Amino acid sequence: MSPRAGHPGHPARTLAFVESPVQLLNVLEWAHLHGLQGAQPDALPSVPAQKRRTPAGATPPAGAELTLVVLSPTDPMTRGQLRRMADLARDEGYRVRWEEARGGTTAPFHTIGGLAGPLRRADRIVMGDPFSRYVQLLLTITRARDLVVVDDGTATMEFVAQLARGERLVRWHRKGGRPGPRDLLFAPVSSSARRRLTPSEGRRVEVFSSMPVTETPDGVTVTANDFAWTRARFGPPRITTSADMVGTSLVETGVVDGDRYLAAVQSLAKAHGATRYFAHRRESTDKLHRLATETGLEIVRPDLPLELIARRGPIGRTVLSFPSTVVHTLPLALAGTGVRVAVCDIDPTWLTASASPRAQGFLSGVTGTARDVHRLTAVQPA
């Protein structure tokens with residue numbers, strides 16, 4: 001897909017919608033790969049963002065071709081990371097539009113109304129979460145002929161597979177359950193979004209991903225994300241002699257039992273000498289307090305996506321993780337550093353009674369398709 005596929009003689013008007021820090025990071029990676037220019041990118045030094053701020057409210061240069069729209073969630077941790085990522089995007093010279101998309105009952109109407117004009121004028125739409133009802137609704141407004149889906153973690157694998165099979169779009173941890181009233185009410189919009197995300201004459205669809213894509217829908221262009229922007233801007237990191245652990249929100253999403261998870265973390269940390277636990281932004285405060293008390297791990301709440309935190313360092317010589325996006329992304333972000341990423345399988349006995357029937361198979365697939373990682377068998381909690 002041409003990065004300048006717009007009106008003849010003019011750069012494409014690209015509108016990107018993000019709802020999480022990882023999505024915003026992957027939009028920056030996509031823009032870097034496709035050569036969308038910002039403010040003098042070659043002159044930006046590889047130093048922390050806080051030392052090279054773009055003044056708040058400053059007008060981006062005329063050459064900026066990308067506008068990032070942040071559909072802000074309400075979760076404080078996610079908002080904090082998104083603000084840091086928005087600063088990095090501005091440092092690269094891109095326009096950032098922050099929308100309080102969930103700030104009350106009237107917020108969605110104000111957000112959608114304010115974005116209607118830019119949506120109709122855009123030549124290309126980039127999105128991080130095609131399962132998002134917000135994004136699906138916005139897709140019904142746009143006339144863009146180029147659609148791009150950037151990684152939103154392991155959900156990207158399921159999105160591509162569902163698109164290839166012509167299935168309705170539903171998140172993997174909810175698949176197998178009965179649709180609720182809101183699902184049925186929103187079904188026409190979801191179906192419309194799926195049709196728009198299906199390539200056709202005059203409509204191009206690209207998936208930009210670091211995840212393994214085994215079922216490629218006809219006409220979809222799959223582009224590999226190797227985290228070149230991250231490696232160019234940060235690091236290499238200082239490597240410590242201990243191990244670090246990466247947290248997961250599988251308990252919060254109802255997939256894994258909380259007690260089983262805590263016991264597994266305790267056993268894994270003891271076996272590998274882990275000292276720090278990098279919390280997922282969705283992990284609950286109560287769960288993290290219990291982890292710190294019962295395991296002795298130092299709980300770290302990252303202010304940026306883990307790929308950037310690890311690349312800046314310091315980072316452990318071994319990074320331990322359960323099946324998640326990072327088992328695919330960290331080896332790419334840390335390529336050439338000597339850091340070993342090890343992934344521990346989820347034992348079927350850890351799953352909750354309400355977990356999706358597809359949960360175990362999907363999580364095993366996340367682990368089994370990861371490259372350049374050391375695979376650990378499921379630990380036996382004490």
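The legends below describe close-up views of a predicted model. Local features are given where pLDDT is at least 70, and side-chain atom pairs count only at pLDDT 80 or more, while totals for chains, interfaces and linings use all residues. Residues are numbered from 1 along each chain as its sequence is written, and side-chain values use heavy atoms, leaving out hydrogens and water.

**View 1. The ring pair of Phe131 and Phe159.** The structure holds 4 aromatic pairs; rings of Phe, Tyr and Trp (its six-membered ring) pair if their centres lie within 6.5 Å, and planes under 30 degrees apart count as stacked, over 60 as edge-to-face and the rest as tilted. The rings of Phe131 and Phe159 are edge-to-face, because their planes stand at 85 degrees, with centres 6.3 Å apart. Phe131 lies in the loop between strand 4 (124–127) and helix 4 (133–139), and Phe159 in helix 5 (residues 155–165), so the pair ties together parts 28 residues apart in sequence. Helices (H or I, at least four residues) and strands (E, at least two) are DSSP runs, numbered from the N terminus. Phe131 has a relative accessible area of 8% and is buried; Phe159, at 0%, is also buried. Buried means under 20% relative accessible area, exposed over 50%, and partly exposed in between (1.4 Å probe, protein chains only).

**View 2. Trp229 with Phe234.** The ring centres of Trp229 and Phe234 are 6.0 Å apart and the planes meet at 80 degrees, so this pair is edge-to-face. Both Trp229 and Phe234 are buried.

**View 3. A cluster of Tyr261, Phe322 and Trp350.** Ring pairs link these residues.

**View 4. Helix 2 and what covers it.** Helix 2 (residues 76–91) has 16 residues and spans 23 Å from its first C-alpha to its last, close to the expected 22 Å (1.5 Å times one less than its number of residues). Its buried residues include Leu82, Met85, Ala86 and Ala89. Among the elements covering the buried residues of helix 2 are helix 1 (21–34), strand 2 (66–71) and helix 10 (306–312). Gly93 follows helix 2 and has a positive phi, near 95 degrees.

**View 5. Arg83 over Trp98.** Arg83 lies over the face of Trp98, 4.0 Å from the ring centre; a charge sits over a ring if NZ of Lys or CZ of Arg is within 6 Å of the ring centre and within 35 degrees of the ring normal.

**View 6. The surroundings of Ser321.** Ser321 is in strand 11 (residues 315–321) and is buried, at 1% relative accessibility. Leaving out residues up to four places away in sequence, Ser321 touches Val246, Val326, Val327, Ala342, Val343 and Cys344, where contact means heavy atoms within 4.5 Å.
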